[in-house]
Amino acid sequence: MMTTDGLRLGKAAQERAAWALLGARWLVGGTFLYSGWAKVVEPVEFLKLLRVYDLTAEPLVLNLVAAGLPWFEVFCGLLLVLGVGVRGTALVLLCLLIPFTALIWNRALQIQADSSLAFCAIRFDCGCGTGEVAICRKLLENGLLMGLGVCLVIGRHSRWALSHQLPSRAQGRAGREIASGRPARLGILRPMTVKRSAVILLGPPASGKTTVANAVDANHGVAIIRTGHLLRSAGKADTDSGRELRRHLEAGRLAPTELVVDVIGDQIDGLKADLLIFDGFPRLEDQIAPLFGMLEEKGLQLAAVLVLTLSDQEIHQRLAGRRACPRCGATYHVEAQPPRQQDRCDHCDTALIQRADDAPKAVAERLDSYRQETLPVVHFFQSRHSHLTREVSVEASTDDACGALRAIVQQVGHAV
Amino acid sequence: MWRTLTEAMLVVGAGFCVALFANAVSPRGLDLRRNYFPETTVRAPAAVLEETADGVVTPPPNPVEARLRQRGLEQIQFDDVRAWVEDPHYEMERVILVDARNRRQYREGHIPGAFSLDHYRPDETLAELLPAALAAEWVIVYCSGGDCEDSEFAAIFLRDAGVPGDRIRVYTGGLEEWRGAGLPIELGQRKSGIQE
């Protein structure tokens, strides 16, 4: 099932993935909770077992590890079970499991050298909280835990998770407060001065958001954040987030909100513009709080929300003739806005294409998706930030909308 | 990815603080500054073949014996321990036995009449043991046997507490050897009268 940016997967597959991640989270969390608690109740026994590994001759260091590690494991296990800071916690546990496994392996090799036993016949208490274990079984368990840990680091955790990611700086608090329409409390993490402004452009497919945004694009002080194009570009990059995005894109899944926010945040960091126009973001209700958190973190103030309106009939007509540049993201219309040279991009001379999601069936799905997922976002701004939100019809042309955007830009102090 | 790294660092920081706090308030917490595995300053000669005056070459000591020497301790064998326990002096506490395992293990069975000293948590039993150890002619310390070193650390603990080192002996065979010989085991508290 394709939608606007080809980022959607069937809900059933998403459900299965969410349940699988929940299982992995509880299994890893429960294991650390159990093994940590077993050591918490007998710290001296753990201290003695730890000493056998001959890690350090310094009593303070040995005591710190023996006293702290069990409680640390319990803490991390609890975080995973409750679903708090899942990715960071899983990364920490992964970083612990790797040296633990290497130490156990090394100890088993020492025992083998002393005893001439077959490797898998070796059994000893490795200090893992589960008493005496067979080495091969223990290594297998640790391998499984590490594999699940990797899944938890890269997965999107939504099922029964209190907060899959801890708030970054002021994102959580300020984001929720501003999103609710209340002013954020002043705090040490909040920028004391807001130097830049943000405008959000919302509208159904083919309403001309990009065309309207381009009306003020010529000025250096203004930058347009084209989310769809940005995600497609980021998905091609050979970076961690690029690879993760690519996985979602190739699987046809909706890109996770935190990843979208990361990509947009990275883009904003590299911009010197004083006014940012968000085209295509936020698209979902659950992107509203992260949006406000990001605005707060980046020192941006929401100046206006421009909502474009268009009838379904006009949407179908426009999309049938729409062409896009696969390289620079520029859009054209075979009748209303044709390129100078037929089927070639005016900016980069690349051959234009009709996107798969502009096909009639896909258009119907996109409209349905817009009504179900994006219209609630529009309603949110209209109800909570009505003084900043303005609705403009683009049924006849985008001129009114372009004029409205220029006026907004002038109002917030930028030349157009 | 940066956010995940930042989050991981937050988890490490918070977890470290939680762990330190929990250890500090837990009744089972460890004393971070204490050296639970003291090594002695007394150094034994290197384990080489020793030739006596009459030309007899003796083998080097076994690892346990070498370790005891290095720690300035001497061991006692099963037959001698048994003889002491059956000696009338044992009842008069001129010879005492000290069980260096933890309190749970002690309650589950110990050599009859043995005092308890878990040197990791000495406060529970030291008040009863120390006067007896200072007055005794011989103090015999044992733990489980085998690779167990707790008897040696408890012996060093007692020596550091003022018990003369030359009166302390370590019974390396431990409870394992005692039980294996079919000798009586006392359950519960010292002199409870309950035997296994």
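Tutor: Please keep in mind that this is a predicted model. We begin with the second largest pocket, whose volume is about 1200 Å³.

Student: How do you know which residues line the second largest pocket?

Tutor: A residue counts as lining when it has an atom within 4 Å of a point of the pocket. For this pocket 37 residues line it, and A:Lys48, A:Arg51, A:Val52, B:Asp147 and B:Glu149 are the closest to its centre.

Student: Which elements supply the lining of the second largest pocket?

Tutor: In chain A, H2, H3, H4 and strand S1 (123-125) each supply at least two residues, as do helix H2 (63-70) and helix H7 (150-160) of chain B. H2(A) gives the most, with 5 residues.

Student: What makes a set of residues a nonpolar core?

Tutor: Its members must be buried nonpolar residues joined through side-chain atoms within 4.5 Å. The largest such core has 38 residues, and A:Val28, A:Leu47 and A:Leu152 have the most contacts inside it. The largest share of this core, 9 residues, comes from H3(A).

Student: Which residues does A:Val28 touch?

Tutor: Contact requires heavy atoms within 4.5 Å. Leaving aside residues up to four places away in sequence, A:Val28 touches A:Leu80, A:Leu93, A:Leu145, A:Leu148 and A:Leu152. A second, separate core of 35 residues includes A:Leu259, A:Val261, A:Phe292 and A:Val305.

Notes: Residues are numbered from 1 along each chain as its sequence is written. Chains are lettered from A and ligands numbered from 1 in the order in which they are written. This is a predicted model: local features need pLDDT of at least 70, side-chain atom pairs count only at pLDDT 80 or more; totals for chains, interfaces and linings use all residues. Side-chain values use heavy atoms; hydrogens and water are left out. Buried means under 20% relative accessible area, exposed over 50%, partly exposed in between (1.4 Å probe, protein chains only). Helices (H or I, at least four residues) and strands (E, at least two) are DSSP runs, numbered from the N terminus. On a 1 Å grid over the protein atoms alone, a cavity is a set of points where a 1.4 Å probe fits but cannot get out, and a pocket is an open set with protein on both sides within 12 Å along at least five of seven lines; lining residues have an atom within 4 Å of a point. Grid points are joined across faces, edges and corners, and a volume is the space filled by probe spheres set on the points.
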